[in-house]
Structure formats: C-alpha cells, structure tokens
Amino acid sequence: MTTDGGPPRVGLVLHPTRDVFSVSEQVGRWAAEQGAQVVVAAGDAARVAGPVLEVPPEELAAACHALVSLGGDGTMLGALRASAGTGVPVLGVNLGRVGVLVEVEPSEVAPALQRVVEGRYSVEARPALRVTGVDLEDGSTSAVAFNDVALSRCPGDGIASAALSIDGQGYGVYRCDAVIVATPMGSTAYSYAAGGPVVSPTLSAMVVAPASPWSGISRPVVLSPEDHLALELLPDSGVLALEVDGRVLAPLAPGARIEVVEERDAGHVVRLDRARHDRRSRVKLSLLDLPLLPEELRELLPRELGHAPD
C-alpha cells in the first residue's frame, strides 16, 4: 500500500447487520498506535469504535489507501465493487460462517493491517463483469459484478426465455429458471449450484449456466474474456429479476437486452499467505455439497478453520 505522504487511511466496509464493534475496536487501537486514520461510509460511524472520518459511500475507496471488509463473502464482494477500477487493495476479515474469499480471522486484524501498511503482502487481481443496457433502480445504467450476473425467474411470472449472442452472432436460446453469467471467482457460487464448472480464479473466462433448464441450451458454456455477450428476453419470457452479485437491481421485461463484458483486474484482493488461504478454501469448497448446517460443518473443519464466530 502506498500513501500520499499523509497518514495511512483505512476504510471499513461493514456487514449490513452483523455486530462488528469488537473487531473495529482492534482496528481503532491499531490506528491510534500507528497514526493511521479510519474511514467509514456516512451513517456507519455509530457501528464502530473510536474516532472515524465519514465520507459518502461512493467516495470511500477513493478516500483510502486500503479497504477492510468486516463480514463474510458477501461483504467482501461489496468492498470489491466499491473499489472497482481504483486499484485500492481489499483485505477480508472473516466474520461469517465459512467464507471462501476472506482470509483473516478477527484475532489477526492488527498484525494483518501492519503488514498491509508496510507493503508485505501480495495482490490477487480479480476480473469483474460489467453489465449494461438497462436502467437500474438507482438511476445508473451499468453495474459491476465480481461473482455473477443472473436473469432470474420471478415466481408466478413465467420462465426465463432469452436469446444468447456472442460478438453479435446468435448462439441459441435459454428457457430455464435463470441464466447465470459468472466470473471464475463466482463459478463456485450460483453457477456452481446450477451445475456449472469450478473455474480456477487464475483463469480468464466467463461461464454461462442455465438453472433448471426446460429446453434450449441446457449445458454450461465457457467463454473467452474477449467475447462480448448479450442476452435478449424473448416475447414468451416472464418478467425477470436482474441480479448482480445476488442483489436485485432491476426488473427486465420481454424485449429487454443486456450486454455483459469482462473488466480485467477490476478488483485487488490482499493475500498475506496464499498457500494457507488456498488450503482453507479447498477444505471449505469440499464441504459445500454436504447436507449439514453451518454449526455442524464447523465440527468437521480442521482446528485452524473451525473457530469462526457466528
């Protein structure tokens, strides 16, 4: 992490509902000792300990030298979206139940921050998907996804019926419950649940997978990051929900057309010990298919993995 000559500024991205106060206390103590400044999005100051600087949410990444995600994988995705295209590195602190993307446990926060400030870490550059062609509910016309973009059936409103084209050439038709376009990182999420392949995060690719196909294309398709993908809703389609990393951003009516392209190196994930993180991730991913509750899963995890708080 490089600074501009002033004090290091660390931004906190908070899980929307989980209690983050005790972890933020550790961050605050570290910041006081190191002369660093803690920055949060406007409205979050009451949820964290110590003196903080509040900035508009859309300015958080630009105001900081690094972001720290306090939560699980969903919070980490939000931090990556906030930092997309800025080059600001994101450190994930695991307050979730399993957590594949995050690396640091709460007890490790202070030494991890010190390593980030001193530049003793590596960065994993992650691609994102840019979806355009639709007016979103927040007034924007595009959105970024680090896991996936999905066109999902709304219960009672008909199936997803969409034509796929690649670089302007028709490829085929989907008739299914949802069409999912995933990054390699997102290949272990919704796409995986729909039967898509697990893709190495070091590979540049896009996966298109149908969920519960009724007819048409029934197998996942793996595309090059240079491919420009478009999905057009056919007249017999129901109104679909446009989901970006699991967030519903807009309804799509028949005739709507979205385009999806890859943006390389859109996000930068901090890695302090990649070998350790990879070992943990392999164990966590191997447990995804077990029909167990989260508390039962933890009993099966190696000791170093099984102490994440509820």
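Leaving aside neighbours within four places in sequence, V261 is in contact with A128, L129, R130 and H228, contact being defined as heavy atoms within 4.5 Å. The model is predicted, so local features need pLDDT of at least 70 and side-chain atom pairs count only at pLDDT 80 or more, while totals for chains, interfaces and linings use all residues. Residues are numbered from 1 along each chain as its sequence is written, and side-chain values use heavy atoms, with hydrogens and water left out.

V261 lies in strand β18, which covers residues 257-271. Its relative accessibility is 23%, and V261 therefore counts as partly exposed; buried denotes under 20% relative accessible area, exposed over 50%, and partly exposed the range in between, with a 1.4 Å probe and protein chains only. The C-alpha atoms of V261 and P225 are separated by 7.3 Å, although the two residues are 36 apart along the chain.

The protein as a whole contains six helices and 18 strands. Helices (H or I, at least four residues) and strands (E, at least two) are DSSP runs, numbered from the N terminus. Of the 310 residues, 51% count as buried. Among contacts between residues at least 6 apart in sequence, 66% join residues at least 24 apart.

Helix α1 has 14 residues (21-34) and should span 20 Å at 1.5 Å a residue, which agrees with the 20 Å between its end C-alpha atoms; the expected span is 1.5 Å times one less than the number of residues. V23, S24, Q26, V27, W30 and A31 are the buried residues of α1. Seen down the axis, these residues fall within an arc of 150°, so they line one face of the helix. The arc is taken from the directions from the helix axis to the C-beta atoms. The buried residues of α1 pack against β1 (9-14), β2 (37-41), β4 (66-71), β5 (89-94) and α3 (109-118). On the other side of α1, A32 and E33 are exposed. G35, with a positive phi near 70°, follows α1.

The second largest pocket is lined by 17 residues, of which V13, P57, G78, R81 and A82 lie nearest its centre. A pocket is an open set of points on a 1 Å grid over the protein atoms alone where a 1.4 Å probe fits, with protein on both sides within 12 Å along at least five of seven lines; lining residues have an atom within 4 Å of a point. Helix α2 (73-83) gives the most to this lining, with five residues.
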